[in-house]
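Subject: Structure for you to look at

Hello,

Here is the structure I promised to pass on. Please open it beside this email and follow along as you read.

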Amino acid sequence: MKRRNLEHHSLDRPTLNPVLLGGMVIAMAGLLVDLRGMVSPVASGSHHEACQGTVNQQVALSREQLAQLLTVPERDSRDRITQIAGAPYCQLQNIQVRAGVAAERQVYPLAFDPQTRLVILYEGNEYAGYRFSFQ
């Protein structure tokens, strides 16, 4: 019986780049850890805040209205938002986003996803941004 001479060649064995290996380890650890419970529900928008004042039950944004609203640049006029969305479903309590500036928030539920609401932020008569609120 013939014996083969098996030599170990370090050049034949593939090696992993240490940066790639480290990234893979971090990614795997990220899959195992659920950080959602560590994030504040207010910051993540994971619940609906209580409406202040009158609630207009007939209001719901269509996909088309939502698409138009998302193209409006910040600091555009409040009237531009009202032209697209109409009257809000309700108002939320005012907040202070920047020092010394009160911000008003209006709510618009999505017609195609009743568990999701669009919250629009105004500073005076200027549109200052939006966020989604999920239930």
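First, a term you will need for the side chains: buried means under 20% relative accessible area, exposed means over 50%, and partly exposed lies in between (1.4 Å probe, protein chains only).

Two notes on how to read the rest. This is a predicted model, so local features need pLDDT of at least 70 and side-chain atom pairs count only at pLDDT 80 or more, while totals for chains, interfaces and linings use all residues. Residues are numbered from 1 along each chain as its sequence is written, and side-chain values use heavy atoms, with hydrogens and water left out.

**Confidence**

pLDDT is the predictor's confidence in each residue, from 0 to 100. The chain has an average pLDDT of 81. A score of at least 70 is reached by 69% of the residues. Helices (H or I, at least four residues) and strands (E, at least two) are DSSP runs, numbered from the N terminus. Confidence is highest in helix 3 (residues 63-69), with a mean of 97. It is lowest in helix 2 (residues 41-44), where the mean is 42. Take care with residues 34-46, where pLDDT stays under 50. For that stretch the model has 10 contacts (heavy atoms within 4.5 Å) beyond four places in sequence.

**The disulfide**

A disulfide is a covalent bond between the sulfur atoms of two cysteines. The cut-off used here is a pair of cysteine sulfur atoms within 2.5 Å. How many disulfides does a search of the whole structure find? It finds one. C51 is joined to C90, with an S to S distance of 2.0 Å. The pair links distant parts of the chain, 39 residues apart. C51 sits in the loop between helix 2 and helix 3, and C90 in strand 1 (residues 90-98). The torsion about the S-S bond of C51 and C90 is about -55°, so this disulfide is left-handed. C90 is buried, at 1% relative accessibility. C51 is partly exposed, at 24%.

**Salt bridges**

A salt bridge is a side-chain nitrogen of Lys or Arg within 4 Å of a carboxyl oxygen of Asp or Glu. By this rule there are six.

E49 takes part in a bridge with R105 (2.9 Å, N to O). These two are 56 residues apart: R105 is in strand 2 (residues 101-110), and E49 is in the loop between helix 2 and helix 3. R105 is buried, at 7% relative accessibility. E49 is partly exposed, at 24%.

E49 also forms a salt bridge with R131, and the closest N and O atoms are 2.8 Å apart. R131 lies in strand 4 (residues 126-134), 82 residues from E49. Its relative accessible area is 27%, so R131 is partly exposed.

R98 pairs with E123, again in a salt bridge, with the closest N and O atoms 2.8 Å apart. R98 is in strand 1 and E123 in strand 3 (residues 113-123), 25 residues apart. Is each one buried or exposed? R98 counts as partly exposed at 44%, whereas E123 counts as buried at 9%. Salt bridges link R75, R98, E123 and E126 in a network.

**One backbone angle**

Most residues other than glycine have a negative phi. R75 has a phi near 75°, a positive value. R75 is in the loop between helix 3 and helix 4 (78-85). Its relative accessibility is 38%, so R75 counts as partly exposed.

Best wishes
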